[in-house]
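Dear colleague,

Please find below the structure that I am handing over to you. I would ask you to keep it open while you read the notes that come after it.

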Amino acid sequence: MRFFPALLVLFGLALAVHGQSTLPSLIPIPKDIQTKEGTCNLLCTWNIQGGPEVDTAFVGLLRSELLPLHAQVEATCPATLTISFDLFRPDTLLPEEWYALNVSPESISVKAPTEEGLFRGSRTLVQLLEQGRTSGTLGCLSITDEPRFSYRGMHLDVVRHFFPVDFVKRYIDLLARYKMNTFHWHLTDDQGWRIEIKQYPKLTDASSWRSGSQYGPYSRREYDDVRYGGFYTQEEIRKVVAYAQRRHINVIPEIEMPGHALAALAAYPELGCTGGPYAVEKGWGVFEDVFCPKEETFTFLQNVLTEVIDLFPSPYIHIGGDECPKERWKTCPHCQALMKREGLKDEHALQ
């Protein structure tokens, strides 16, 4: 009997494989899907339109994404297929990202109380239209959906490996496809500094490049000598943030402190406990040289964060805080004097 649930799963898979499942394949699965009689002919000419309260730029974005999914128009199609996006004021309180999608023989509609909800619904529609391209039809159905979690994020580390802006935009497209709403952008670490800070040009002149990179199994600690790096200008950052905002994705930048600071220290060694010299790290791991808690360091970080906050409208800025070895602080006269003056029991309290 213990194998019975597994048999049920296999039986369900078999039904899907043989085309007996009537539900479309969607990721993530909507909260409620109801299939209906009839089909929608996708080979008719599409008229994609927004209601009077829907922003025209938003509708333009949807047209640019949906129209490439249109298969060849059928010459004998009886009527234009209207695909509409409408905002409405609900009688009851609905979640911010709630939407309703309805497919009938004559039209496809997406309705939501917010533009964010309309966009989430459009991601479901994209997947449906992709599946309907082969047959040229879409089964009639109705979907109501809302996210289970308010924070749905993915992380991208551009420090160990630098990705160009076009890749970052493609990554954001994929987040949007699966209804993610947060993009965590890891911009600084020991192996490079990837964001332009105008007050500190050495962060891009020196800290954004390393003399080589680790390769192969981590335990072998093998390195090449190929100069490697790159950074995003503030103009590029603004463009990426705007690109994400149009897709209702919040971008959270990560500026590491007080550990993972070697790239910054390579450019401004006075911010470390020993004064250097430091180099942008070639290998992966955790390293003992970290920011020293001096007034110069706090001034530097405040100035950096002032520019970062200006670039990112996110209510959150990630400041790391992880993997900060205390070896340098233990032998640093300034740190020890600071701990004594502030009555701190150890270096963890200092952090």
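The notes below cover a helix pair, salt bridges and aromatic rings.

This is a predicted model, in which local features need pLDDT of at least 70 and side-chain atom pairs count only at pLDDT 80 or more, while totals for chains, interfaces and linings use all residues. Residues are numbered from 1 along each chain as its sequence is written, and side-chain values use heavy atoms, with hydrogens and water left out.

Helices are DSSP runs (H or I, at least four residues), numbered from the N terminus. The axes of helix α2 (residues 56-66) and helix α3 (residues 115-132) come within 11 Å and cross at roughly 10°; the axes are lines fitted to C-alpha atoms over the stretch in contact, and angles run from 0 to 180 degrees between N-to-C directions. This makes α2 roughly parallel to α3, a term for angles under 35 degrees. In the contact (heavy atoms within 4.5 Å), F58, L61, L62, E65 and L66 of α2 meet E115, L118, F119, S122, R123, L125, V126 and L129 of α3.

The structure holds 17 salt bridges, each being a side-chain nitrogen of Lys or Arg within 4 Å of a carboxyl oxygen of Asp or Glu. One of them joins R123 to E65, with the closest N and O atoms 2.6 Å apart. This pair links distant parts of the chain, since R123 lies in helix α3 and E65 in helix α2, 58 residues apart. R123 counts as buried, at 7% relative accessibility; buried means under 20% relative accessible area, exposed over 50%, and partly exposed in between (1.4 Å probe, protein chains only).

A second salt bridge connects K198 and E196, whose closest N and O atoms are 3.3 Å apart. Here K198 is exposed, with a relative accessible area of 55%, whereas E196 is buried at 19%. Salt bridges that share partners also join E65, R123, D173 and R247 into one network.

Rings of Phe, Tyr and Trp (its six-membered ring) pair if their centres lie within 6.5 Å; planes under 30 degrees apart count as stacked, over 60 as edge-to-face and the rest as tilted. The count comes to 14 aromatic pairs. In one of these, the rings of F167 and Y171 have centres 6.5 Å apart and planes at 25°, so the pair is stacked. Both residues, F167 and Y171, lie in helix α4 (residues 165-177), 4 residues apart, about one turn of the helix. F167 is partly exposed at 35%, and Y171 is buried at 13%.

Yours sincerely

Key:
Helix = DSSP H or I, 4+ residues; strand = E, 2+ residues; numbered from the N terminus. Parallel < 35°, antiparallel > 145°, perpendicular 65-115°, else oblique.
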